[in-house]
Amino acid sequence: MSNTNSTNLPLWVQDREKVISSDIGVEWRGGKRPDYSHNDRVFQQESKYDHPEGSLEAIAHNLVRTFEMEASNKINPEQWLSVVADKFRMSSNGGKEYTAQEAGKHGTYNLFISKNKHYDPDKETFESSFETFLTAFPNGFLWEVIEVLSGPPNVTFKWRHWGTFKGDFKEYQPTGETIEIIGISIARVTEDLKILSVEHYFDNSKFIKDLTAGGCPFHSQK
């Protein structure tokens, strides 16, 4: 696929806000559209990569951000534009494959974080995980494509996920440091760029280790 004007591309690989505004009949969590305006301002300040409009990097970036928005905010996976809902599968590090329904029910944090002494995804709900990480990262845990290594139908891309640890995480106080994860994903897509499956590869223990490495637990001060 060569570079092209984004307006000629499917809606789900255009800017995320266009997908949000095209919401006739959409069942939103909480009954209203999500507001990413603050996160987007932070993203503009902290993003390290400026991919040309219509490039493979920009297309992959928009597609994944749309998927994350839909999985987090659209109750009904059948209304997710970014995926083929009845075929979609998602996994990390060669582990269990999850359906769109499971991603929507449990939340992506709970599917990607391995059970550990600080966080047990089996005991967390979608709502509790969302609140936990929104508290720890009030400016958002942001995501961007670094580079695309191969194009459709099997899109391989490198990415970074990051946020500033500015709020409490469980019993740990914030350090103000940037928590960053680097990973690689392989997304199998249809001709019109909907996701059929996506495999993520990254150190899924680093996230929690970084959150609990420097902050002093409240109980240590008692």
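Is Arg160 buried or exposed in this predicted model? With a relative accessibility of 4%, Arg160 counts as buried, where buried means under 20% relative accessible area, exposed over 50%, and partly exposed in between (1.4 Å probe, protein chains only).

A word on the ground rules before the close-ups. Residues are numbered from 1 along each chain as its sequence is written, and side-chain values use heavy atoms, with hydrogens and water left out. Since this is a predicted model, local features need pLDDT of at least 70 and side-chain atom pairs count only at pLDDT 80 or more, while totals for chains, interfaces and linings use all residues.

**View 1. Arg160 and its two glutamate partners.** Look for Arg160 in strand β3 (residues 154-164); helices (H or I, at least four residues) and strands (E, at least two) are DSSP runs, numbered from the N terminus. The side chain of Arg160 makes a polar contact of 2.7 Å with the side chain of Glu144, and another, of 2.8 Å, with the side chain of Glu180. Here a polar contact is a pair of N or O atoms within 3.5 Å; within protein, one must be able to donate a hydrogen and the other to accept it, and residues adjacent in sequence count only if both atoms are side-chain atoms. Setting aside residues up to four places away in sequence, Arg160 also touches others, including Tyr49, Trp143, Ile146 and Ile182, with contact meaning heavy atoms within 4.5 Å.

**View 2. The largest nonpolar core.** This core has 44 residues, and those with the most contacts inside it are Phe137, Phe157, Phe207 and Leu211. Its largest share, six residues, comes from helix α3 (residues 56-73). A nonpolar core is a set of buried Ala, Val, Leu, Ile, Met, Phe, Trp, Tyr and Cys residues joined through side-chain atoms within 4.5 Å. Zoom in on Leu211: not counting residues up to four places away in sequence, Leu211 touches Phe133, Phe137, Phe165, Phe169, Tyr172 and Ile179. There is also a second, separate core of six residues, with Val19, Ile20, Val26 and Tyr36 among them. In soluble globular proteins, nonpolar side chains tend to be buried together.

**View 3. The second largest pocket.** Its volume is about 500 Å³. Of the 26 lining residues, Asp15, Phe43, His51, His61 and Asn62 are the closest to the centre of the pocket. Helix α3 gives the most to the lining, with six residues, and α1 (16-21), α2 (37-46), α3 and β2 (142-150) each supply at least two. By class, the lining has seven nonpolar, nine polar and ten charged residues. For the record, on a 1 Å grid over the protein atoms alone, a pocket is an open set of points where a 1.4 Å probe fits, with protein on both sides within 12 Å along at least five of seven lines, and lining residues have an atom within 4 Å of a point. Grid points are joined across faces, edges and corners, and the volume is the space filled by probe spheres set on the points. As for the classes, Ala, Val, Leu, Ile, Met, Phe, Trp, Tyr, Cys and Pro count as nonpolar, Asp, Glu, Lys and Arg as charged, and the others, Gly among them, as polar.

**View 4. Phe112 in helix α5.** Phe112 sits in helix α5 (residues 108-112) and counts as buried at 18% relative accessibility. Phe112 and Asn204 are 92 residues apart along the chain, yet their C-alpha atoms are separated by 6.7 Å. Beyond residues up to four places away in sequence, Phe112 touches Met90, Ser92, His200, Phe202 and Asn204.

**View 5. Gln14, ahead of α1.** Gln14 lies in the segment before α1 and is buried, with a relative accessible area of 9%. A polar atom of the Gln14 side chain lies 2.7 Å from the backbone oxygen of Leu9.

View 6. The peptide bond from Pro152 to Pro153 is cis, with omega near 10 degrees, and Pro153 lies in the loop between β2 and β3. Asn93, in the loop between β1 (89-92) and α4 (100-106), has a positive phi near 55 degrees and is partly exposed at 34%. Leu193, in the loop between β4 (178-189) and β5 (195-201), has a positive phi of about 70 degrees although it is not a glycine; Leu193 is buried, at 6% relative accessible area.
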